[in-house]
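Good morning. I have one structure to go through today, and I will keep to what can be read from it. Please have a look at it before I start.

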Protein chains: 2
Amino acid sequence: MDLISGRTRVFGIVGDPIEQVRSPEMFTAEFRRRERDAVLVPIHVRPKDFDGCIPELLKVANLDGLIFTIPYKARALRLADVVGPNAQIVGAINALARTEGGRWKADIFDGRGCVEAFRRRGISFADRRIMLLGAGGAGSAIAVAIAFERPKSFQVYDLDADRAEALAAKVKQVDPRIEVAVDAPKVTGIDVLLNASPIGMLDDARLPFEVERLPRALVVFDAIVMPERTPLLSLAEACGCTTIRGLEMMRGQIDAMVDFFGYPRA
Amino acid sequence: MDLISGRTRVFGIVGDPIEQVRSPEMFTAEFRRRERDAVLVPIHVRPKDFDGCIPELLKVANLDGLIFTIPYKARALRLADVVGPNAQIVGAINALARTEGGRWKADIFDGRGCVEAFRRRGISFADRRIMLLGAGGAGSAIAVAIAFERPKSFQVYDLDADRAEALAAKVKQVDPRIEVAVDAPKVTGIDVLLNASPIGMLDDARLPFEVERLPRALVVFDAIVMPERTPLLSLAEACGCTTIRGLEMMRGQIDAMVDFFGYPRA
């Protein structure tokens with residue numbers, strides 16, 4: 001297959017800024033792995049241009065899908081004709097795909113990648129007691145995706161208590177049977193600890209909260225991709241916990257999104 | 001260099017249909033040859049969407065240039081802030097490039113590729129007597145580009161006599177000193193014979209006009225790319241003429257356009 005030709009189908013990732021995104025190489029590689037003649041290109045759209053530009057871009061006949069990243073995930077919601085259940089609750093999308101009828105379907109996969117990463121490790125969220133740190137964009141998507149998996153309880157912590165409360169309400173909205181609480185970070189009385197805060201990213205050596213030991217039975221997940229082994233995951237490994245990395249979430253998310261773009265796994 | 005990343009600069013070719021274009025692989029390969037992190041993608045825009053879509057597309061901040069092909073070369077002219085001399089006379093563009101000041105400059109390179117191909121063979125059009133077959137889009141661009149090279153005379157033939165007359169007038173407009181005529185195809189009293197008609201394309205075994213022998217001194221050019229050796233070029237080779245192929249024009253055009261896109265040859 002040529003690198004690119006007149007027959008190549010085009011996808012894009014829309015954001016501002018755009019230079020830091022990893023989707024172009026990762027999705028293009030996955031398209032090729034599935035033997036599809038498609039590329040995903042960076043599309044740098046400034047906020048003042050978004051509302052005029054994107055609807056016109058969707059008229060390009062060989063453009064089959066868009067990914068939205070910062071700061072457009074909420075703003076892109078209105079572009080969709082059909083919105084998936086995760087995105088409806090979160091109030092944001094990160095993927096828009098052309099359907100066979102020419103309409104546009106959307107959903108958010110940030111959290112579904114986390115669920116997918118756990119599934120690949122053979123770990124279910126059903127009946128588990130969950131503690132989530134961070135109720136921002138990533139945390140919201142993760143919380144909603146997990147809520148669809150019927151956990152027993154869901155506790156969320158955020159420095160911004162209002163944001164934590166709002167997310168707790170969304171989890172309840174997905175499934176009123178889940179025991180939901182806004183609470184301080186804790187490591188006992190829970191089965192799964194998830195970090196979706198930015199603490200521990202890059203050269204930030206901090207733990208997301210003060211803790212010295214983690215129970216060995218805990219499953220610990222960190223949404224951070226860089227570094228692969230965050231301070232929290234290092235501690236968890238030292239304590240013998242099962243750990244799941246941000247990169248595994250990203251991998252699960254890419255696979256689910258390429259399915260959504262109409263190129264199912266062989 | 002990755003296939004594509006968030007830092008990759010984006011170019012496009014806009015047309016309808018788009019599947020048959022060769023620019024995506026050829027320009028992307030040339031960008032890489034010049035060690036530039038850029039790709040050129042196919043952009044299929046339908047005629048009803050062109051006027052709304054393209055001005056919005058130009059707002060994409062990492063999109064640095066567009067190529068226009070059938071049926072948009074004339075229609076794209078109005079998108080440019082600055083129009084080069086070839087395009088002004090032809091009344092059409094095939095390349096639009098972002099300038100450092102953020103404005104858009106345009107020109108047409110279809111004919112300049114032909115001039116460039118001749119230059120590479122050490123053949124000048126200056127003071128030569130030219131016969132051109134075909135006064136359509138390709139023929140017009142070739143005629144105007146050659147007119148800037150100060151030939152002695154320029155004769156043009158087209159089945160549509162009005163179209164031939166209009167093109168003759170354009171050549172005269174570039175340089176009133178050129179002896180210009182609309183005439184039947186001929187092979188004597190000329191130095192260079194150029195075919196810009198579609199006759200001989202793909203599996204069309206015809207010559208563009210009835211002829212059995214060509215003078216050995218004639219330089220014969222065919223704008224057709226597929227097949228590389230057209231029936232006209234086969235005859236010319238058999239007669240010992242110097243021949244120049246459509247592929248050489250395409251090569252010259254790509255080089256000139258990548259220069260125009262701001263990536264000069266090393």
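Phe68(A) touches Val14(A), Phe50(A), Ile54(A), Lys73(A), Ala76(A), Leu79(A), Ile93(A), Asn94(A) and Leu96(A), leaving out residues up to four places away in sequence. Touching, or contact, means heavy atoms within 4.5 Å. In the largest nonpolar core, which has 122 residues, Phe68(A) and Phe68(B) touch the most other members. A nonpolar core here is a set of buried Ala, Val, Leu, Ile, Met, Phe, Trp, Tyr and Cys residues joined through side-chain atoms within 4.5 Å. Buried means under 20% relative accessible area, exposed means over 50%, and partly exposed is in between, with a 1.4 Å probe and protein chains only. Another core, of 21 residues, lies apart from it, and includes Val21(B), Leu40(B), Met257(B) and Tyr263(B). As background, in soluble globular proteins nonpolar side chains tend to be buried together.

A word on the source. This is a predicted model, where local features need pLDDT of at least 70 and side-chain atom pairs count only at pLDDT 80 or more, while totals for chains, interfaces and linings use all residues. Residues are numbered from 1 along each chain as its sequence is written, chains are lettered from A and ligands numbered from 1 in the order in which they are written, and side-chain values use heavy atoms, with hydrogens and water left out.

Now the two chains together. How many residues does the contact take from each chain? Chain B gives 31 residues and chain A gives 32 residues. The area buried between them is about 2500 Å², and carbon and sulfur atoms give 66% of that. Buried area is the accessible area (1.4 Å probe) that two parts lose on being put together, summed over both. Leu3(B), Ile4(B) and Gly6(B) supply 20% of the area that chain B buries against chain A, more than any other three residues.

Between chain B and chain A there are zero salt bridges, a salt bridge being a side-chain nitrogen of Lys or Arg within 4 Å of a carboxyl oxygen of Asp or Glu. There are 10 residue pairs in polar contact, both residues at pLDDT 80 or more. A polar contact is a pair of N or O atoms within 3.5 Å; within protein, one must be able to donate a hydrogen and the other to accept it, and residues adjacent in sequence count only if both atoms are side-chain atoms.

Thr230(B) sits in the loop between strand E11 (219-222) and helix H7 (231-238) of chain B. Helices (H or I, at least four residues) and strands (E, at least two) are DSSP runs, numbered from the N terminus. Is Thr230(B) buried or exposed? Thr230(B) counts as buried because its relative accessibility is 1%. Its side chain makes a polar contact with the side chain of Asp222(B), at 2.8 Å.

The loop between E11 and H7 of chain B also holds Pro227(B). A cis peptide bond joins Met226(B) to Pro227(B), with omega about 0°. In chain A, the peptide bond from Ile70(A) to Pro71(A) is cis, with omega near 5°.

Last, Leu202(A) is not a glycine, yet has a positive phi of about 50°. Its relative accessibility is 58%, so Leu202(A) counts as exposed. Asp127(B), also other than glycine, has a positive phi near 65°.
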